[in-house]
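Thanks for coming. I will go through rings, a hairpin and cavities, in that order.

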Amino acid sequence: MLEYAWLIPVFPFVAFILIGLLPRRTLGWEDGAGYAIVGAGGALIISMLMIWEVINGRTLTIDAPSTEWLVIGGFSIRFGIWIDQLTAVMLVVVSIVGTLVVIYSGGYMHEEAERRRRYYAEIMLFISVMYGLVIANNYLEMFIFWELVGLCSYLLIGFWYEKPSAASAAKRAFIVTRVGDIMFMAGIIILLKYVGALDFATLFASGGVSAVPQDMLTLSTALIFGGAIGKSAQFPLHEWLPDAMEGPTTVSALIHAATMVNAGVYLTARTYPLLVQTPDSLLFVAVIGGITALLAATVALVATDIKRVLAYSTVSQLGYMILGLGAGGWLLIKSGSTAGYSAALFHLMNHGFFKALLFLCAGSVIHSVGTNNMRVMGGLRKKMPITSITMLIGALAIAGIPPLSGFWSKDEVLSSVYHAGQFDSVFLLLWFMGVATAFLTAFYMFRMWFMTFSGEPRSEYHAHESPRIMTVPLMILAGLAAVSGFVLFMGEGFKLFLERSLEGLPMLVPEHESFADIASNVFTDVFTYLVLGLVVAGVLIAYRIYHMPGFDRSVFARGFSGRMQKVLENRWYISKFYDDFALTVWYGFSLIADKFDRYVIDGIVNGFAYLGANLGGVIRKAQSGNVQRYASLIVLGIVLLLIFVVYILPWGGL
């Protein structure tokens with residue numbers, strides 16, 4: 001059955017072809033929404049069958065069928081599929097969230113008229129290439145789909161391309177992620193140079209990368225992680241993601257929950273057999289994740305655009321996942337435990353559900369009131385009861401309130417980082433940063449909810465609940481956000497399930513934890529209650545400031561807090577630094593290069609051309625057809641030759 005996994009990306013790709021090529025009159029409902037739902041639904045069904053096979057212990061990795069694509073000398077490139085536990089987790093997220101987003105789009109994109117066809121075609125291509133990336137069995141195949149994911153995000157972020165801000169955001173996302181892509185490509189070129197292969201079966205086998213010197217292996221893994229920095233919007237390449245909010249909210253939900261940004265985390269997890277051989281790269285991964293988590297959370301504190309709050313929240317939560325993977329690698333090296341690895345991917349799955357929910361709720365609000373600005377909202381709870389309740393569930397989940405999903409996965413990540421601290425004190429600092437991020441997350445998420453749904457309306461609008469085609473996906477996602485955390489306890493447990501994707505690593509020490517063991521680890525850990533206390537404090541502070549009357553919020557605009565607020569509103573001036581650097585240093589360098597090209601390179605080339613042309617003109621004048629002139633020149637030549645023979649050669653001693 002697993003051999004048919006290649007059909008997963010085929011369904012949405014066929015839908016993309018049909019929507020793009022069929023006459024419009026044959027597209028039916030919403031100009032292709034039906035084809036899109038069938039394409040996404042078909043991929044969902046096949047994905048669920050594959051996941052069921054993997055849950056029952058069947059995988060398709062080293063022995064998977066593949067086809068030869070290209071032969072260069074003695075080097076052969078083969079394409080195939082790789083289905084293991086890690087693939088299954090990603091298929092769960094991409095298939096469920098992707099399908100629900102497409103269904104939701106049937107209502108959300110109704111007003112787009114002529115553009116709907118392009119939207120559904122592009123969204124189908126986006127989902128298809130993400131599936132291709134997830135099931136790829138080698139780095140080159142993954143890189144091809146990686147680039148196609150970037151192309152689709154460019155097209156969808158710039159969906160309203162006539163808006164300068166949308167066109168600019170699309171270009172920014174495309175260019176910034178290219179920086180990471182170049183690093184990714186450089187990393188796999190190093191592996192190809194030393195190993196001569198890029199398929200996972202060869203690279204991950206025992207001794208597969210033994211031919212690579214340790215320093216070059218560290219460099220290559222760090223460069224591959226550079227690709228994840230770009231795609232998953234990690235510091236310092238994180239600024240493109242909040243600007244990507246210029247696309248439709250459904251696109252934001254897909255990018256933030258199921259496709260593009262998860263690709264970087266998936267790449268890092270897929271590279272784990274190599275990363276655990278390079279502790280320095282793992283430390284780099286963890287530090288980047290910790291900085292990103294805290295940095296993005298601070299900016300979300302002051303954002304007033306509902307989508308930008310969620311965008312910075314995504315960046316911060318991705319930082320959690322990357323931090324968990326970095327710390328988990330150290331735990332694996334030092335103690336043989338896969339706790340951090342499984343915790344990070346557990347958080348990826350839960351985050352996919354509650355972040356898709358939050359974005360689609362935000363889309364429902366924007367669809368109703370016609371603005372992203374939370375300062376003019378308020379009082380929507382009574383007019384939009386389903387949206388307000390489902391968004392509350394999403395906010396509780398991401399804040400980490402038990403028993404919702406975010407509580408379990410965030411606790412697992414922080415616990416892994418803390419335990420990694422016994423091997424390197426840097427992880428203790430990163431744990432403090434993670435705990436601070438948890439407090440800030442609870443505060444800014446409930447600041448957003450209270451500003452949007454509680455109190456009285458702060459402007460005149462005729463809000464209404466969204467149609468059922470939009471609210472049903474919200475309710476399904478809310479249910480998943482509420483219960484997906486209990487996957488931690490299902491069967492033999494999420495950790496043991498995912499641990500099997502790393503079988504073969506020499507440092508791995510298999511662990512079997514019962515339901516009681518897992519529950520005991522969570523509820524007897526004093527730090528669980530410390531973090532939970534801070535989360536509750538964050539919610540209560542937001543409640544006091546943004547819900548209860550009588551609090552003077554203008555105090556935040558004065559003194560040090562006012563200056564700090566300005567810094568945060570300017571995103572720590574990181575974006576301004578990039579813009580200034582581009583406008584002054586880089587643009588100045590390009591001007592100098594332009595002058596050099598014009599006056600030095602072109603000057604030399606044009607000088608030779610001028611010399612040749614004029615020399616030719618002089619010679620051409622000698623060819624006048626005048627016989628008398630030719631005879632005179634012959635006589636002159638003979639005289640000069642005689643002078644040379646008679647006088648100059650003897651003088652030279654010849």
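Trp-82, Tyr-139, Phe-143, Trp-146, Phe-184, Phe-200 and Phe-204 are linked into a cluster by ring pairs. A pair here means rings of Phe, Tyr or Trp (its six-membered ring) with centres within 6.5 Å; planes under 30 degrees apart are stacked, over 60 edge-to-face, and the rest tilted. This is a predicted model, where local features need pLDDT of at least 70 and side-chain atom pairs 80 or more, while totals for chains, interfaces and linings use all residues. Residues are numbered from 1 along each chain as its sequence is written, and side-chain values use heavy atoms, without hydrogens and water.

Over the whole structure the search gives 36 aromatic pairs. One of them, Tyr-154 with Phe-174, is tilted, at 5.3 Å centre to centre and 55 degrees between the planes. Tyr-154 is in helix α5 (residues 139–157) and Phe-174 in helix α6 (residues 164–195), so this pair ties together parts 20 residues apart in sequence. Helices are DSSP runs (H or I, at least four residues) and strands likewise (E, at least two), numbered from the N terminus. Tyr-154 is partly exposed at 32% relative accessible area, and Phe-174 is partly exposed at 30%. The cut-offs are under 20% for buried and over 50% for exposed, with partly exposed in between (1.4 Å probe, protein chains only).

Trp-431 and Phe-432 make an edge-to-face pair, because their planes are at 65 degrees, with ring centres 5.2 Å apart. Trp-431 is buried, at 5%, whereas Phe-432 is exposed, at 54%.

Next, the hairpin. Strands β1 (residues 66–72) and β2 (residues 75–80) pair antiparallel over 6 bridges; pairing requires at least two DSSP bridges. Leu-70 has Ile-77 in β2 as its bridge partner. Between β1 and β2 are 2 residues, and Gly-73 in the turn has a positive phi of about 60 degrees.

Last, cavities. How many cavities of 30 Å³ or more does the search find? There are 4. A cavity is a set of points on a 1 Å grid over the protein atoms alone where a 1.4 Å probe fits but cannot get out, and lining residues have an atom within 4 Å of a point. Volume is the space filled by probe spheres set on the points, which are joined across faces, edges and corners.

The largest cavity holds about 70 Å³, and its lining includes Lys-410, Asp-411 and Val-535. Helices α17 (405–420) and α22 (526–546) each supply at least two of its lining residues.

Definitions and conventions: 1 Å grid on protein atoms, 1.4 Å probe; cavity = no way out; pocket = protein on both sides within 12 Å on 5 of 7 lines; lining within 4 Å.
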